[in-house]
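The sequence and the structure are shown first.

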Amino acid sequence: MNKLAALAKENAASHILLAGDTFDQTTPAPTVIRQAMNAMRAAEHVVWILMPGNHDHANATELWRQVVQDAPENVVVLLKPAPHEIVKGAVLLPAPPSERHPGRDLTDWFEGAGTGDALRIGLAHGSVTDFDSSEEGGSSIIPIDRARRAGLAYLGLGDWHGQMPIGTDTWYSGAPEADGFKHATTPAALLVEILSAGAPAKVTSLPTGSITWQRARLDLTEDDDAAALHDRVLPPLAARALTLFDMPVTGRAHALARVALEQATVNVAPDFLWHRTDFSGLGMVHDTDDLDAIDHRGALRAAAETLATEASDTRLAPEVREAAQVALSHLFSYALEA
Ligand SMILES: [Mn+2]
């Protein structure tokens with residue numbers, strides 16, 4: 001909220017439009033609503049326009065009753081699909097969802113809406129045609145050419161958490177902060193400048209996120225230098241303290257390369273806000289030279305050979321192979337430390 005307000009000030013934007021799911025549920029704690037309204041009140045240089053989404057739909061009466069009750073003068077709540085004059089000569093057409101799964105296109109009224117000579121801007125929430133947002137709960141179907149068909153200078157969309165253009169005049173702004181590894185895009189708001197009804201809107205992405213979610217897949221072949229590849233996917237040192245880093249490792253690697261990589265990941269883990277690796281998808285390349293690192297002969301060497309055989313024996317259960325692999329990795333770790 002404060003970040004959005006600061007960006008609006010920096011870029012001389014007079015209005016901030018929130019395209020739904022401002023609250024991720026129909027019954028947020030009263031403190032959440034009050035504190036959101038307080039933050040909006042403090043940003044007195046800007047007018048906030050709130051439209052329900054499907055998670056905070058318009059029929060969540062207690063939620064919106066409290067929002068309206070707590071709302072300062074610079075907050076406008078649009079619960080109904082009716083034209084709203086933003087400034088003289090510019091009208092906003094909102095399509096607020098009235099339930100969790102509206103199941104129909106709520107923007108179809110835009111085309112027939114009479115707004116005189118005013119510039120028309122649409123605001124909607126849900127998925128566009130052929131676009132699956134089921135994981136995020138959307139269900140309405142918005143035609144991808146709605147802006148053109150309804151004579152809109154711009155159509156702002158909510159529901160999808162990643163930022164995405166649908167056309168030059170239609171965008172998902174995305175959530176201002178990421179909430180998962182799903183979207184690879186940088187969380188950001190959109191600065192939309194409409195100079196005239198005929199000209200295309202100028203759309204600029206303004207980063208808003210403070211936490212980075214990074215999933216880096218490391219797919220190895222046996223000839224790869226795993227340590228070098230690992231170095232390459234790591235974010236810069238200064239960014240790591242605010243990065244959630246998840247690294248699934250797949251492909252195949254020599255035992256020594258695997259152990260060296262495991263040690264490298266353990267070594268960098270404390271740099272991160274959160275760090276996870278998953279080696280369960282990494283197969284093993286067997287090589288007698290590798291086992292020499294443990295010992296040339298004797299009990300340790302015999303144990304290592306047994307584990308190496310078990311780790312690659314596809315007749316054994318996956319958990320047995322995994323256990324053998326883990327034990328072998330420990331043996332290599334001790335050998336490399338010794
Ligand atoms: Mn939604």
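Two strands count as paired if DSSP finds at least two bridges between them. Helices (H or I, at least four residues) and strands (E, at least two) are DSSP runs, numbered from the N terminus. The model is predicted: local features need pLDDT of at least 70, side-chain atom pairs count only at pLDDT 80 or more, and totals for chains, interfaces and linings use all residues. Residue numbers start from 1 along each chain as its sequence is written.

**Overall architecture**

- The protein contains nine helices and 17 strands.
- Its radius of gyration is 27 Å, whereas a compact globule of 338 residues would have one near 20 Å. The radius is taken over C-alpha atoms, and the globule rule is 2.2 Å times the number of residues to the power 0.38.
- Along the principal axes, the C-alpha atoms of the protein fill a box of roughly 90 × 40 × 40 Å.
- Buried residues make up 32% of the 338 in the protein. A residue is buried if 20 or more other C-beta atoms lie within 10 Å of its own, exposed if 12 or fewer, and partly exposed in between, with C-beta atoms placed from the backbone.
- Of the contacts in the protein with a separation of 6 or more, 68% are between residues 24 or more positions apart. Two residues are in contact if their C-beta atoms, placed from the backbone, lie within 7 Å.

**Three-stranded sheet**

- Strands of a sheet pair through backbone hydrogen bonds, either parallel or antiparallel.
- An open sheet of three strands has the order β1-β2-β3, with parallel pairing.
- The edges are β1 (15-18) and β3 (75-77); each has a single partner strand, so one side of each is left without a neighbour in the sheet.
- From one strand to the next, the twist averages 15°. For such angles, axes are lines fitted to C-alpha atoms, for helices over the stretch in contact, and values run from 0 to 180 degrees between N-to-C directions.
- Three bridges link strand β2 (residues 47-50) to β3 in the parallel sense, and Trp 48 stands opposite Val 75 in β3.

**Six-stranded sheet**

- A further open sheet has six strands in the order β4-β5-β6-β9-β11-β10, and its pairing is mixed.
- Here β4 (84-87) and β10 (164-167) stand at the edges, each with a single partner strand, so one side of each lacks a neighbour in the sheet.
- The twist in this sheet averages 25° from one strand to the next.
- Strand β5 (residues 90-95) runs parallel to strand β6 (residues 119-125), and six bridges join the two. Leu 93 has Gly 122 in β6 as its bridge partner.
- β10 pairs with strand β11 (residues 170-172) in the antiparallel sense over three bridges, and a hairpin of two residues joins β10 to β11. In this pair, Gly 167 stands opposite Thr 170 in β11.

**Helix contact**

- Helix α6 (residues 255-268) packs against helix α9 (residues 318-337) at an angle of about 75°, with the axes 9 Å apart.
- The two helices α6 and α9 are therefore roughly perpendicular to each other. Angles under 35 degrees count as roughly parallel, over 145 as roughly antiparallel, 65 to 115 as roughly perpendicular and the rest as oblique.
- On the α6 side, Ala 255, Leu 256, Arg 258, Val 259 and Glu 262 meet Leu 328, Ser 329, Phe 332, Ser 333 and Leu 336 in α9.
- The contact residues of α6 and α9 comprise six nonpolar, two polar and two charged. Ala, Val, Leu, Ile, Met, Phe, Trp, Tyr, Cys and Pro count as nonpolar, Asp, Glu, Lys and Arg as charged, and the others, Gly among them, as polar.

**Loop residues**

- Ala 12, in the loop between α1 (2-10) and β1, has a positive phi of about 55° although it is not a glycine. Ala 12 is exposed, with 9 other C-beta atoms within 10 Å.
- Asp 21, in the loop between β1 and α2 (30-42), likewise has a positive phi, near 60°, in a residue other than glycine. Asp 21 counts as buried, with 23 C-beta neighbours inside 10 Å.
- Thr 186 lies in the loop between β11 and β12 (188-193) and counts as partly exposed, with 15 C-beta neighbours inside 10 Å.
- Setting aside neighbours within four places in sequence, Thr 186 is in contact with Pro 207 and Gly 209. From C-alpha to C-alpha, Thr 186 and Gly 162 are 7.7 Å apart in space, and they are 24 residues apart in sequence.
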